[in-house]
Amino acid sequence: MNKLSSLIEQSKQAVRHWWLLLVVGIALLAVGILVFIYPARSYLDLSVLFGWLILFSGVMEVVLAARSRHFVTGRGWMLAGGIIEIILGAILVFNVALSAVTLPIFLGFWLLMRSFSTIGLASDMHVLGIRGSGWTVLTGVLLLICSLWMLLQPLAFGTTAVVVWVGLSLLFAGISTVSLSLQLRSAHCIAEAPRR
């Protein structure tokens, strides 16, 4: 019984770092907005920026997953997604030529992985009875549609289309990440309620 009550107590504390996902979501939203404000920026600059953003997002998700090691649900999705994002981001940052040539394909796979992660985490939040998980599932489905569209027609996307899709995709990713962080905040508040 002591092990079970210890696990429950640790799970209550694990989601206290929900704000890390909020930072990632705000960064994704900000960069998505900047893509539309400055569309004349070069395609190469966008490739490098996208690489750094994915790398930053991956690091933040791995940190959050590591800090939530006793959290029963959602940690595996976050950890796997964060590791993949770190690898993908490093490839894009340190190989700019490859990044520019393959940006639509990388973007498609990143969105695909992010959509599965978002839908999986939202499902876990739904099981826990956290409100708003339906909106996170919806944004995950929108990311899934964007990713499949890009992966099925990667060569059809010119630089202008990629800029638009990157902007839209970053906005969707930012909204879903902010939504998920707010669900984790709700989980944290619910977990902390009996202690007050």
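Biologist: Why is E85 called buried?

Modeller: Its relative accessible area is 1%, and buried means under 20%, with exposed over 50% and partly exposed in between (1.4 Å probe, protein chains only), so E85 counts as buried. Bear in mind that this is a predicted model, where local features need pLDDT of at least 70, side-chain atom pairs count only at pLDDT 80 or more, and totals for chains, interfaces and linings use all residues. Residues are numbered from 1 along each chain as its sequence is written, and side-chain values use heavy atoms, leaving out hydrogens and water.

Biologist: What makes E85 and R114 a salt bridge?

Modeller: The closest N and O atoms are 2.6 Å apart, and the rule asks for a side-chain nitrogen of Lys or Arg within 4 Å of a carboxyl oxygen of Asp or Glu, so the pair qualifies. R114 is itself buried, at 4% relative accessibility.

Biologist: And what does R114 do with E61?

Modeller: Their side chains meet in a salt bridge too, at 2.7 Å, N to O. That pair links helix α3 to helix α5, 53 residues apart. E61, E85 and R114 are thus linked in a network of salt bridges.

Biologist: Why are α5 and α6 called roughly antiparallel?

Modeller: They pack at an angle of about 160°, with axes 8 Å apart. Angles over 145 degrees count as roughly antiparallel, under 35 as roughly parallel, 65 to 115 as roughly perpendicular and the rest as oblique, so α5 is roughly antiparallel to α6.

Biologist: How do you know that V141 is partly exposed?

Modeller: V141, in helix α6, has a relative accessible area of 34%, which falls between the two cut-offs.

How values were computed. Helices (H or I, at least four residues) and strands (E, at least two) are DSSP runs, numbered from the N terminus. Axes are lines fitted to C-alpha atoms, for helices over the stretch in contact, and angles run from 0 to 180 degrees between N-to-C directions.
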